[in-house]
Amino acid sequence: MMRSLMFLFFLVIAADSDAQLNIDSLRMQYNQKTLRFNNRITINGSLLGPQTVKNLMLISPEATAYYKQYLKNKRVGNVLPIFGTAAVITGIIVAQKNRTPGYITVISGNTINLIGSLFRRKAGSYLQDAIWSYNRDVLYLRL
């Protein structure tokens with residue numbers, strides 16, 4: 001009976017220390033391999049360039065899909081304000097001679113700028129989803 005209790009005692013201690021090692025390993029893996037986003041994308045404290053991030057996203061098919069959506073929406077969100085600003089400036093110039101067409105052009109330009117900001121906002125959401133998917137998969141696959 002005493003031997004059984006001692007065996008059970010050592011078994012519980014061994015299982016507890018194994019669980020602690022596993023938690024420490026996961027914590028270390030989380031700190032070293034996951035991406036963090038705070039205006040810039042970093043991994044383990046190092047700033048990553050766009051090409052590096054793009055290559056890292058290839059690890060996870062879901063992250064790759066989100067990242068491609070991010071790039072597409074970011075591109076549209078960065079191009080539309082150029083046209084919107086041009087329309088606003090043109091509208092201001094035209095409004096000095098013909099008010100109605102000028103005002104319509106200014107309103108159209110501001111609408112284009114608003115739509116561009118919506119694309120940029122959606123792009124940010126896709127980037128967050130891509131990073132989350134990457135982090136989930138890199139921890140799950142333990143690469």
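The largest nonpolar core of this predicted model holds 17 residues. Within this core, Leu35, Ile41, Leu48, Met57, Tyr67 and Tyr134 touch the most other members. Where do the core residues come from? Helix H4 supplies the largest share, seven residues. In soluble globular proteins, nonpolar side chains tend to be buried together.

Take one core member, Met57. Which residues does Met57 touch, leaving out those up to four places away in sequence? The contacts are Leu35, Ala63, Thr64, Tyr67, Ala130, Ile131 and Tyr134. Look for Leu35, Tyr67 and Tyr134 in that list. These three are also among the core residues that touch the most other members.

Now turn to the aromatic rings. How many aromatic pairs does the structure hold? There are two. One is formed by Tyr66 and Tyr126. Their ring centres are 6.4 Å apart, and the angle between the planes is 35°. This pair is tilted. Tyr66 belongs to helix H3 and Tyr126 to helix H4, so the pair ties together parts that are 60 residues apart in sequence. Tyr126 has 18% relative accessibility, so Tyr126 counts as buried, because the cut-off for buried is under 20%. The charged end of Lys122 sits over the ring of Tyr126, 5.1 Å from the ring centre.

The other pair is Tyr67 and Tyr70. Their ring centres lie 5.4 Å apart and their planes meet at 40°, so this pair is tilted. Both residues lie in helix H3. They are three residues apart, about one turn of the helix. Tyr67 counts as buried, at 7% relative accessibility. Tyr70 is buried too, with a relative accessible area of 14%.

Finish with a residue in a loop. Thr34 sits between helix H1 (2-33) and strand E1 (35-37). Is Thr34 buried or exposed? Thr34 has a relative accessible area of 1%, so this residue is buried. Which residues does Thr34 touch, not counting those up to four places away in sequence? They are Gln29, Thr42, Ile43, Asn44, Asn135, Val138 and Leu139.

Terms used
Residues are numbered from 1 along each chain as its sequence is written. This is a predicted model: local features need pLDDT of at least 70, side-chain atom pairs count only at pLDDT 80 or more; totals for chains, interfaces and linings use all residues. Side-chain values use heavy atoms; hydrogens and water are left out. Helices (H or I, at least four residues) and strands (E, at least two) are DSSP runs, numbered from the N terminus. Buried means under 20% relative accessible area, exposed over 50%, partly exposed in between (1.4 Å probe, protein chains only). Contact means heavy atoms within 4.5 Å. A nonpolar core is a set of buried Ala, Val, Leu, Ile, Met, Phe, Trp, Tyr and Cys residues joined through side-chain atoms within 4.5 Å. Rings of Phe, Tyr and Trp (its six-membered ring) pair if their centres lie within 6.5 Å; planes under 30 degrees apart count as stacked, over 60 as edge-to-face and the rest as tilted. A charge sits over a ring if NZ of Lys or CZ of Arg is within 6 Å of the ring centre and within 35 degrees of the ring normal.
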